[in-house]
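Here is a short briefing on nonpolar and aromatic side chains. Look through the structure first, then read the points below.

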Amino acid sequence: MPASPLPRSHPRAVLRCCTRHIPGHGARRDPHPSGGATNDNIGAATAPANSGAKLARTLGLWSIVGLGLGYMTPTVVFDTFGLVAEGTDNVVPAAYAVALVVLVFTAISYGKMVRVIPSAGSAYTYSRESIHPGVGFVVGWTALIDYMLLPMVNALILRSYMEALFPDVPGWIWVVVFTAGVTGVIYLTMRGTSNVNMILLVFSILVMAVFVVMVVVQLVGGAGAGTAVSLAPFVHDDVQFSAVLAGATIVCFSFIGFDAVSMYSEEAKTPKIMPRAIVLTLIAGGVIFLIASYVTQLRFPDSAAFPPEAIEDSTLPEIGVQVGGPVFQAVLTAAGFAATLASWLASHASVSRMLMVMGRNNVLPRKIFGFINPKTHTPTFSIIIVGVVSLLAIEFTLEQIAAYINYGALVAFSFVNISVIAWFAVRRGLRKTPGDIFRYIVMPGIGLLLTVLLWLNLDMHALVGGLIWTALGVVYLVILTRGFRRPIASFDENEPVTGVNKTVPGPRSEI
């Protein structure tokens with residue numbers, strides 16, 4: 001595969017660069033604590049439910065890091081391994097290392113912004129408050145690509161798992177069955193608990209640890225590269241840096257969700273731990289990805305070890321069967337399956353709620369997207385629409401979908417870094433001392449420049465399609481505001497328009 005057409009990282013998990021969590025009942029907070037731009041429609045749309053409730057501040061640093069890792073879905077490293085290996089001349093760990101370095105600077109910027117805007121941890125909110133409401137709207141609109149396609153990615157990955165286990169069953173059947181099941185669950189209830197997420201995280205990491213041990217034993221016994229210590233997974237004579245950058249653009253997809261822990265700021269024992277939690281979540285996820293990809297690359301020195309269909313969709317089942325036979329294939333697939341299903345439920349519920357907020361605030365047609373079923377108390381049409389989009393997983397490949405998701409993520413990453421400069425250096429004037437210049441201009445500036453390197457390696461079709469979508473958002477903004485003569489509508493996922501906040505008290509707050 002040539003280096004140029006490669007995309008951003010695996011699903012999972014934030015953006016999020018974006019924020020994706022299972023919504024549940026919780027406290028309603030002022031989404032504009034900074035006193036920045038607000039939306040006049042919010043008051044009219046706000047329901048009075050549990051306005052006096054408050055979230056318990058019981059989450060410690062490592063509890064929050066664990067929640068972030070659970071959303072990132074560590075097993076995704078195996079899903080995209082073949083795709084990245086083919087595009088990077090078989091140096092997958094190098095691609096992860098580059099992506100980690102790039103995202104560390106962006107994670108630091110997220111940490112700076114969550115301190116000043118603690119109740120809404122999204123690039124959309126940061127851009128709106130620090131730069132301009134119009135910029136925030138366009139950033140949020142662009143991020144909808146990320147939100148809308150994440151459930152489809154999960155559907156595609158589960159389809160590939162089931163095709164590997166049951167090759168005689170047409171793949172489209174699994175997409176339809178699982179999409180109907182997930183849509184049905186979200187239709188009936190939007191509530192959930194992160195305790196399930198934590199269980200899935202522990203299970204996934206244990207299976208990955210077993211995998212690493214098995215592979216190391218096989219390497220010592222002469223399998224694969226025949227050694228457990230080698231620089232070949234990071235550099236060799238045929239490696240081109242442009243290919244590594246292209247691979248880094250893909251694997252950024254794997255880190256989605258490191259920033260999403262900012263949404264736990266109201267449940268943290270102290271808000272001061274949030275910047276560390278964001279950075280530690282990224283680093284911990286990066287270490288897991290590096291170790292897993294390193295031993296996998298040694299075990300499979302050439303991507304030719306995988307059939308083309310596995311490279312297109314997911315190499316996890318193929319890796320499992322070649323390392324441990326059908327039994328371990330089932331175990332590894334079960335770990336990936338459970339984590340992917342949990343991520344699908346979370347992402348489907350989250351984007352459905354965002355569409356509902358957009359409907360309630362008249363960003364989208366209110367009668368359709370803002371409709372709440374009086375019996376189930378869920379946004380019926382929004383949930384069904386997301387389910388219909390997920391059915392597109394019948395035809396698309398992981399590479400194609402990941403490319404478009406990466407576009408939305410890179411927009412978010414870029415504007416978080418820009419928001420730091422705008423908020424601290426411009427708005428607050430913190431640019432007079434060398435320390436301030438380094439913290440609020442140089443550091444986010446480096447993060448922005450490194451993100452631009454990933455932009456340059458984004459799949460061209462995704463770049464063109466994404467830019468068209470962004471342009472449509474600008475045109476739509478002009479129409480909504482009647483040439484900017486009306487207030488700019490808000491569609492922050494955290495807006496208290498229904499009394500249902502995506503943060504979940506109770507079981508999750510007791511971790």
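**Aromatic and nonpolar side chains**

Phe166 counts as partly exposed, at 41% relative accessibility. The model is predicted. Keep that in mind as you read on.

**Aromatic pairs**

- The whole structure holds 18 aromatic pairs.
- One of them joins Phe81 and Phe306. Their ring centres are 6.1 Å apart and their planes meet at 85°, which is over 60 degrees, so this pair is edge-to-face.
- The pair links distant parts of the chain, 225 residues apart. Phe81 is in helix α4 (residues 81-87), and Phe306 is in the loop between α11 (274-299) and α12 (308-312).
- Phe81 is buried, at 1% relative accessibility. Phe306 is buried too, at 4%.
- Phe166 and Trp174 have ring centres 5.7 Å apart and planes at 35°, so their pair is tilted. Trp174 is buried, with a relative accessible area of 15%.

**Other aromatic contacts**

- Phe137, Trp141, Trp469 and Tyr476 make up one aromatic cluster.
- Arg299 places its charged end over the ring of Phe300, 5.0 Å from the ring centre.

**The nonpolar core**

- The largest nonpolar core has 134 residues. Phe78, Tyr110, Phe211, Phe255, Phe258 and Ile319 touch the most other members.
- Helix α7 (residues 133-165) gives the most to this core: 19 residues.

**A patch on the surface**

- Ile437, Phe438, Ile441, Val442 and Ile446 form a nonpolar surface patch. Together they have about 350 Å² of accessible area.
- Ile441 belongs to helix α17 (residues 434-455). Ile441 is partly exposed, at 31% relative accessible area.

Conventions. Residues numbered from 1 in each chain as written. Predicted model: local features only at pLDDT ≥ 70, side-chain atom pairs only at ≥ 80, totals over all residues. Heavy atoms only, no water. Core = buried A, V, L, I, M, F, W, Y, C linked by side-chain atoms within 4.5 Å. Buried < 20%, exposed > 50% of the residue type's maximum accessible area, 1.4 Å probe, protein only. Helix = DSSP H or I, 4+ residues; strand = E, 2+ residues; numbered from the N terminus. Patch = residues over 30% accessible without salt bridge, like charges linked within 9 Å, V, L, I, M, F, W, Y side chains within 5 Å. Areas by Shrake-Rupley, 256 points an atom, 1.4 Å probe, with all protein chains shown as cover. Salt bridge = Lys/Arg side-chain N within 4 Å of Asp/Glu carboxyl O. Phe/Tyr/Trp six-rings, centres within 6.5 Å; stacked < 30°, edge-to-face > 60°. Lys NZ or Arg CZ within 6 Å of the ring centre and 35° of its normal.
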